[in-house]
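Good morning, and thank you for making time for this presentation.

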2 protein chains.
Amino acid sequence: LCSIYGKNDFSLTNKVIFTFAADHGVAAQGVSLFPQEVTGQMVYNFLSGGAGVNVLAAHAQARVVVADLGVAEDLNVSPRLIIKKVAKATADIALGPAMTKQQAIQAIENGIEIFEAEFTKGIDIVGLGEMGIANTTPASAITAVICKRAVEEITGRGTGIDDIARQNKIKIIERALQVNQPDGKNGLDVLAKVGGFEIGGLAGVVLAACSRRIPVVVDGFISASAALIAAGLCSKVKPFLFASHNSVEPGHKAGLDWLELKPFLNLDMRLGEGTGAALAFGIIEASIKIAREMATFESGRVSREK
Amino acid sequence: LCSIYGKNDFSLTNKVIFTFAADHGVAAQGVSLFPQEVTGQMVYNFLSGGAGVNVLAAHAQARVVVADLGVAEDLNVSPRLIIKKVAKATADIALGPAMTKQQAIQAIENGIEIFEAEFTKGIDIVGLGEMGIANTTPASAITAVICKRAVEEITGRGTGIDDIARQNKIKIIERALQVNQPDGKNGLDVLAKVGGFEIGGLAGVVLAACSRRIPVVVDGFISASAALIAAGLCSKVKPFLFASHNSVEPGHKAGLDWLELKPFLNLDMRLGEGTGAALAFGIIEASIKIAREMATFESGRVSREK
């Protein structure tokens, strides 16, 4: 953090979590325990302040910026909701590409625009958050192809599917990779073929934040996959990224390892939304206070090693 | 926490870290990188607010109660320093018992008295902290005998000794166990033979806090050894204990495993003082807010599993 800011006496006054929502065509393959309508319901929950990320962001005194990047239903207009739909849900990745290349660019640019608009109000640190029923499926596909890992190894239970459903999910992801043949070295290609609109939007936030030298805290598995897309587009983002927690999704660690990030919270969380990033803010702020306020051996008049 | 408090709508207004200091005769065996005078110097640092625990306790809005349980030198009187010396440092455990059985009881009772005095000002949660040059040596001895682990396996580098010094430290601890033959099933015997005054005092804080149904957050390796002593005296304390972080000291995990505690912070810390407990407070408070403030599926109007 000090190297990003170029000093060690600063504070993180403006902490902002970007929680982006979108739907996924692959939900039709039965990869999630929850119905697709939950994506929109959770957006309303974010807006009314009742979700996990709202509670934890308030605890961290952080703002939550909620945006619809591609929720299937038309959401009610609200002054607290940014609507930048690329489309109403991606296409089913088991059958073909999630989106066109043009839509992938649009998703990223929407994320950049949302960051830039919020940046005018002040941002000192960013947290990534997301909501999208079935989005551990594209996140697994992204992680498998970019980090060159077996699908079996990095596919988890999402919101809690059983063994049989997980085996089905693995087959769907393997089929998506087979059908689409994404190029793991090309972040845009991976996003277009097996990604999601919220994932693309968050990749845009990463790019925009890093271009302004603002540190970015990765949340769980899906936001790590967005960071993988961003790093696939521009590897220079990596020194600006921080990991927060270690999710129960096995692919999360694979993504963080690829990004050379070490999470410091172990809470068996798997909620997304930006909840882990919000919890991490308090620890990160504490670390800055240590750099700024703690006495040195000299100022504290403490003897050195023998 | 909710089961301790018997409700789920409470808050942790009064957070208190007990940072106890004492010296160790075994320091004469060259087990630490730092001279013994640092114990007293760090107490003054705690009192002037410059230590790590001060910064992190302020971040968590917690009080720090500093007490001298057996520092070698006579410390200057201060209204912010509790002086309850059992003796000026323990005896060298490599040569014989650290203290008499009566002194072990005294150390525990001093801890109980310090807790009880502070309890009149209000305490909702306790953090354990300590300072004492060479005190990873008694902590290793305690952990080895109570958790039935090889000394080699649970002895670390303390403040940063090299391989040769660590081999010497292992030999000293093995000798201390050989010479004293502590009974791992008898917490008081272990404390008297290979413990420390700050460790005994913290064991007293654990007993006193749990008797009042106040949760206790274990800090690093030494405070875990104090919790082992307390659990050895009364196993009913275990449900009141919480782990904070995972120290670089290998014995820390052994102690936490024995206590059936899972730390949630991984920060490669090895400072003690209560620093890890202070950092944990913010996460623990966040967890209470989740229980208290987050919407349910029903109140948030979110659909259930299919």
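What you see is a predicted model, in which local features need pLDDT of at least 70 and side-chain atom pairs count only at pLDDT 80 or more, while totals for chains, interfaces and linings use all residues. Residues are numbered from 1 along each chain as its sequence is written, chains are lettered from A and ligands numbered from 1 in the order in which they are written, and side-chain values use heavy atoms, with hydrogens and water left out.

Chain A contains 12 helices and six strands; these are DSSP runs numbered from the N terminus, with at least four residues (H or I) for a helix and at least two (E) for a strand. Chain A is as compact as a globular protein of its length, because its radius of gyration is 19 Å, close to the 19 Å that the globule rule gives for 306 residues. That radius is taken over C-alpha atoms, and the rule is 2.2 Å times the number of residues to the power 0.38.

How much of chain A is buried? The share is 61% of the 306 residues, where buried means under 20% relative accessible area, exposed over 50%, and partly exposed in between, with a 1.4 Å probe and protein chains only. Of the contacts in chain A between residues at least 6 apart in sequence, 75% join residues at least 24 apart; a contact means heavy atoms within 4.5 Å.

Let us now consider one residue of this chain. Ser140(A) lies in helix H5, residues 136-147, and is buried, with a relative accessible area of 0%. Leaving aside residues up to four places away in sequence, Ser140(A) touches Ile154(A), Thr155(A), Ile173(A) and Phe221(A).

In chain B, Thr39(B) belongs to helix H2, residues 37-48. Is Thr39(B) buried or exposed? Thr39(B) is buried, at a relative accessible area of 0%. Its contacts, again without residues up to four places away in sequence, include Ala21(B), Val71(B) and Met131(B). Thr39(B) and Ile172(B) are 133 residues apart in sequence and 21 Å apart in space, C-alpha to C-alpha.

Finally, I turn to helix H9 of chain B. In H9(B), 14 of the 15 residues are buried, so this helix is largely enclosed by the rest of the structure. After H9(B) comes Arg213(B), whose phi is positive, near 55 degrees.
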